Amino acid sequence: MTKQQNILDTALSLFVRNGIQATSTASIAKQANVATGTLFHHFASKQALIITLYSNIKTELGQAMQPQHHHDDIQAQVRHFWQQALQWAQDNPDKLQFMQQIAHDPAFEISLHQELMAVSMGFMIDQVKQAQARQHLAPLPLELVLNFCHSHFLATANLFAERPDFACQPDYQEGAFQILWRGLAPTAP
């Protein structure tokens, strides 16, 4: 493991345990067994460390969401992505908790979330645009769609993390997907 990865892993652990604001760069460096100067060699600031960690996590989530190339049905494709994302969240509870913290951090603007999503999950943005152009999804502003999907994912993943018995129940799985789908599907004229 590289020093940079060690710092990121340590930061994740401390952020989840103590909160982002309550975790100092000095405590991260100490726990990672590196000098504070080494931390700042890899990350110019605490905010840069947070952004790198969040970007890495979003990239990992994006990599877990692989498209089904044999499906032209947009609802089946969205369902497939949704299920993969929720499985990733169940497999990575600390990363999910960090994503929750970032979502509620007033210093982390929505525009930054969307910029990082464009980098880490550009395929999703492309699919939304294509589906909207074909009138398979509602013609809503992209920023609104992305924010809705992100918020619903975090809310559902958090519920399933707190109540794993719900995650195993098909009516909860299907209900969560239907809320998402009904928010995205085109309305009848």
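**View 1. H150 in helix α9.** H150 is found in helix α9. This is a predicted model, in which local features need pLDDT of at least 70 and side-chain atom pairs count only at pLDDT 80 or more, while totals for chains, interfaces and linings use all residues. Residues are numbered from 1 along each chain as its sequence is written, and side-chain values use heavy atoms, with hydrogens and water left out. Helices (H or I, at least four residues) and strands (E, at least two) are DSSP runs, numbered from the N terminus. H150 counts as buried, at 12% relative accessibility. Buried means under 20% relative accessible area, exposed over 50%, and partly exposed in between (1.4 Å probe, protein chains only). Apart from neighbours within four places in sequence, H150 contacts Y54, K58, M99 and H113. Contact means heavy atoms within 4.5 Å.

View 2. A pocket is an open set of points on a 1 Å grid over the protein atoms alone, where a 1.4 Å probe fits, with protein on both sides within 12 Å along at least five of seven lines. Lining residues have an atom within 4 Å of a point. Among the lining residues are K58, F108, H113 and H150. Helices α7 (110-120) and α9 (142-162) each supply at least two lining residues. The largest share, 5 residues, comes from α9. By class, the lining has 6 nonpolar, 5 polar and 1 charged residues. Ala, Val, Leu, Ile, Met, Phe, Trp, Tyr, Cys and Pro count as nonpolar; Asp, Glu, Lys and Arg as charged; the others, Gly among them, as polar.

**View 3. Stacked aromatic pairs.** The structure holds 6 aromatic pairs. F166 and Y172 form a stacked one, 4.1 Å centre to centre with 10° between the planes. Rings of Phe, Tyr and Trp (its six-membered ring) pair if their centres lie within 6.5 Å; planes under 30 degrees apart count as stacked, over 60 as edge-to-face and the rest as tilted. F166 is buried, at 14% relative accessible area; Y172 is partly exposed, at 31%. F177 and W181 also stack, at 6.3 Å centre to centre and 15° between the planes. These two are 4 residues apart in helix α11 (residues 170-184), so about one helical turn separates them. Both F177 and W181 are buried.

**View 4. An aromatic cluster.** F15, Y54, F98 and F108 form one aromatic cluster. F108 also lines the second largest pocket.
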